[in-house]
Amino acid sequence: MAPVVLVGRHPARGIPVEVAIEGDRITRIRDQPDSASPPHLWLLPGLVDIQVNGYAGLDLNGPDVDPGVVTRVMRSLQAKGVTRFCPTVCTQSHDQMRRTLRAIAEACRTDPRVRYGVAGIHVEGPFISPEDGPRGAHPREHVRPPDWEEFEAFQDAAGGRIRVLTLAPEWPGALAFIRRLAGTGVVVAIGHTAAPPEAIGRAVEAGARLSTHLGNGSHSMLQRHPNYIWEQLAADDLWASIIVDGHHLPPAVVKTFVRAKGVARTILISDAVALAGLSPGDYDWLGLRVTLGMDGRIGLTGTPYLAGSTLDLAAAIPKVISFTGVTLVEAVTMASTNPSRLLGIESGILEEGGRADLMVAHYKQDAMALEVQRTVVAGETVWDASQEPH
Ligand SMILES: [Zn+2]
């Protein structure tokens, strides 16, 4: 097979380079200072999204989820520069959650591309807070306390692929559960919690490593301090994942969170739901009437409440740059290198010998847009805008 050659600006150095790929590796990087490559065309590491509920009309938590849905969600995300992701299984009945986990595991078993693309499964719930506010949109009747046997049944259905589990650490028995879970190598995340502030430090001591969508899945009114948001923000051993669509967190909160955690401990997630990637309009979705706005906001029609996220990580990058003043390299680090480090997987990197999980994208700072032209996974072009019908 002829080597793949990509041209674009190197993210750290800013100059055009030519990258040759053979197999799944970058074999050579050469400076191309006189290249005719457009000035805004960049070569960037592929993005890694650790929280995806669905995309393009496809719901990973739907009652009729099958392995084909997992494959189609992955392909839709590849068009947005995402090279690996964590399908996210939310609070439901035990049987429904196991069905979903089995479908994802089956997709991984039968298709090597999906096996690579699924960096691990994120289970969000059912061991979360039953309180209104912290519980978010998770159905109250299926919220329950941590149960080791139930987790083992989930991991069994998932073929061992669960890599992140989000829970509320205030449940009785949660600390022993966190200790045991962390001991198996699963990333324990704090989220959808109503924990008293002092419970956060104990959860971190027990092995919790991540705050899931910090600042969301929380009470709308909180004691100003102390509270579980400050405690998580100040805990240096906790990474924080955040949704930077501008709806879930105001820009000032995003800026403050990124400054407090530092670029090195912040992870951008989409938390995208099935409506992500669809046209604006009114939809009947999961028994709810919702409105998807031109600005990507999904609201419960006629109310001020958010009903999910339509963000994708390519869109998150210019937004976090605009909200916080980080550089393009720092923004990509939060959406690629950091989630890979958290999961202990290899990420795409612009170095000779590095893994060829890459994207070629136009970064238009004034338009706050990152337009993905081409996505390469393990050296193979999986998306090419020039080959798509217009
Ligand atoms: Zn959530």
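**Domain contact**

I began with the area between the two domains: domain 1 and domain 2 bury about 1500 Å², and carbon and sulfur atoms give 73% of that. Buried area here is the accessible area (1.4 Å probe) that two parts lose on being put together, summed over both. The bounds are 4-44 + 350-387 for domain 1 and 47-343 for domain 2; they come from an automatic or database domain assignment. I note 28 Å between the C-alpha centres of the two domains. On the contact itself, 20 residues come from domain 1 and 19 residues from domain 2, where contact means heavy atoms within 4.5 Å.

**Ground rules**

I am working on a predicted model, where local features need pLDDT of at least 70, side-chain atom pairs count only at pLDDT 80 or more, and totals for chains, interfaces and linings use all residues. Residues are numbered from 1 along each chain as its sequence is written, and side-chain values use heavy atoms, with hydrogens and water left out.

**Zinc site**

Next I checked what holds the zinc ion. Glu-124 (OE), His-192 (NE2) and His-213 (NE2) coordinate the zinc ion at 2.1 Å. Donors are N, O and S atoms within 2.8 Å of the metal (3.2 Å for Na, K and Ca); water is not among the atoms, so sites may look incomplete. Along the chain the donors of the zinc ion are spaced E-x67-H-x20-H. His-192 sits in the loop between strand S11 (187-190) and helix H6 (197-206), and His-213 in the loop between strand S12 (210-211) and helix H7 (228-234), so the two tie together parts that are 21 residues apart in sequence. For the element names, helices (H or I, at least four residues) and strands (E, at least two) are DSSP runs, numbered from the N terminus. I find both His-192 and His-213 buried; buried means under 20% relative accessible area, exposed over 50%, partly exposed in between (1.4 Å probe, protein chains only).

**Asp-271**

The unreviewed UniProt entry puts its "active site" annotation on Asp-271; such annotations may be inferred rather than shown by experiment. I located Asp-271 in the loop between strand S14 (266-268) and strand S15 (281-285). Asp-271 is buried, at 12% relative accessibility.

I placed Asp-357 in the loop between helix H10 (328-343) and strand S19 (358-364). Asp-357 is buried, with a relative accessible area of 1%. Beyond its neighbours within four places in sequence, the contacts of Asp-357 include Leu-44, Thr-83, Arg-84, Tyr-116 and Val-377.

Val-377 turned up again when I looked at Gln-78, which touches Thr-375, Val-377, Val-382 and Trp-383, leaving out residues up to four places away in sequence. Gln-78 belongs to helix H1 (residues 67-78) and is buried at 7% relative accessibility.

**Cysteines**

How many disulfides are there? I get 0 disulfides, taking a disulfide as a pair of cysteine sulfur atoms within 2.5 Å. The sulfur of Cys-86 has its closest cysteine sulfur in Cys-108, 11 Å away, so it is too far for a bond. For Cys-90 the closest cysteine sulfur is in Cys-86, at 13 Å, again too far for a bond. Cys-86 is buried at 0% relative accessible area, and Cys-90 counts as buried at 16%.
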